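Student: Please take a close look at one part of this model for me. I would like to know how the chains touch each other.

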Amino acid sequence: MNPLEKALRLTEHPALRAGLFLASAASMLAALYLSLVWAPAAAGETEAYRIMYFHVPTAIMAYLGFFVVFAASVGYLWKRNLVFDALARVGAELGVLFCFLMLATGMIWGKQRWGAWWLWEPRLTTALILLVIYVGYLMLRNSVDNQAVRARYAAVFGIVGFIDVPIVHFAIKLWGNVMHPVVIKSASDAGMPPEMMLALRVSLLAFLLTFASLFLLRLRLEILASTASSRLSGETR
Amino acid sequence: MRGILRAARAILVKDMRTELRSREFLGNTFMFALLVIVIFNFAFKINAQNAPQLASGILWIAFLFAGTLGVGRSFQAEKENDCIQALALSPVDRSAVFLAKLAGNLIFLALVQAMVLPAFVVLYNLNVMENFPMQALVFLLGDVGFMTLGTLVAALSANLKAREILLPVLLLPLLTPLLIFAAAATSALIGGDDPAVYLSRIKFLAAFDLIFFVVSTLVFEYIMDEL
Amino acid sequence: MSYLVAAFGVIWLAVFAYVFAIDRKCEKLEKEIESAGKGPKAD
């Protein structure tokens, strides 16, 4: 049995999958209620400020996904186990998904708050560069056919790309300050009332659980694909 | 360590010799970089007022484009002639191959820059070489960081189907910090800013180079095995 | 308010589209594995 199939057994445990799904659904409902109804209106902001309760968690999930890529890439180069490669691929895909959501919700909020979809502000720009780097990572993966070669190349790029992330942020901060010195602070920087903080925490938990369920679901696809290809190639031999 | 350097020098000399036998690529790349500079002039309508602001960015864009063309070639001849296997089989450390390719790409880029700079100074009527030692240091550090990542990504993309488009798509986002630091340092030097301004940017450039030089040398062997 | 709705719309559309796409691919693969597992019928 190849190691991927072993991992499949673990993730296919029905109790785990069902439990995670239920937990994420329940916490997501709670987060929706807390942030849309229960949390107080923010002084000097319209109702659109509530986007923040979902924007901040998507941002954290995006960085989590990219961190998974980095950790799994290091793991792959170290252990040469294709399970790590599958983890990296799934992490990148979820990271790209949440990074896109972070940008989309941020832009919608920005249109309302700043009157523009986009400002070349350090945080936004960093997120955009991140998205480009990891879409590139997925493109790299798609253009290599051999599994072992793909795993290696992707791991190398995953490591270099992740090391670049803080440097990109730092550089763009420098550049942004040079171009326009006003750095707009997001709502989460202000000292928040405890109700808002609680709603944000619950929402973060809900997104974390959703991330985990999506991760398992996507990992299962990766594992099924590898089983299918190994079975089929075994068949033709 | 000395063994690695000797092996790297041997590979570098071999690369230089093949490059010298057909000099045309250097000339073509120079023409391309020159064209980038000329075309930006049409796009932005450069005049005496906006030249100091835009020039450093345009110059570095020209270097980045020309350099990206250059690095794309560094593993191509080896692939086409199946020499990469011989390199992989040779009993030298993998990092020797990386160092040799990096040095070759650096020399190539420096030659292109040496040809482009006079043309740039004349066309944009800006004295880029105002503070020559410092500006040369900025170019050197910028080139090293650029070519370190460039050589690594060129090795990554040498085998890919859509190699020509994937190399810039993978490389340029990684180079954003370098472009920011280098263009800012060059522009501070052209504008005659306070030394503290450009010195801090030169420090960032040096840190970028150091981080990626260490990382790239470490991970290169994993690509080399599969080239 | 419409901005709020738009933001949530984007999040949930994207997540559900993603889940749906994965689920369909999973089902397809499961069928493939099942038919391949039944033995060399194709020849």
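**Contacts between the chains**

Tutor: Start with the burial of chain C: 12% of its 43 residues are buried. Keep in mind that this is a predicted model. Chain C has one helix and zero strands.

Now take its contacts with chain A. On the chain C side, 20 residues take part, and they meet 25 residues of chain A. What classes of residue does chain C bring to the side that touches chain A? That side holds 16 nonpolar residues, with one polar and three charged.

Next, turn to chains A and B. Here 26 residues of chain A are in contact with 22 residues of chain B. Two helices of chain A, α5 (122–142) and α6 (147–179), each supply at least two residues of the side that touches chain B. Of the contributors, α6(A) gives the most, with 17 residues. By class, this side of chain A counts 21 nonpolar, three polar and two charged residues.

Chain B has a helix worth checking too. Helix α2 of chain B runs over residues 24–44, which is 21 residues.

How values were computed: Residues are numbered from 1 along each chain as its sequence is written. Chains are lettered from A and ligands numbered from 1 in the order in which they are written. This is a predicted model: local features need pLDDT of at least 70, side-chain atom pairs count only at pLDDT 80 or more; totals for chains, interfaces and linings use all residues. Helices (H or I, at least four residues) and strands (E, at least two) are DSSP runs, numbered from the N terminus. A residue is buried if 20 or more other C-beta atoms lie within 10 Å of its own, exposed if 12 or fewer, and partly exposed in between; C-beta atoms are placed from the backbone. The expected span of a helix is 1.5 Å times one less than its number of residues. Two residues are in contact if their C-beta atoms, placed from the backbone, lie within 7 Å. Ala, Val, Leu, Ile, Met, Phe, Trp, Tyr, Cys and Pro count as nonpolar, Asp, Glu, Lys and Arg as charged, and the others, Gly among them, as polar.
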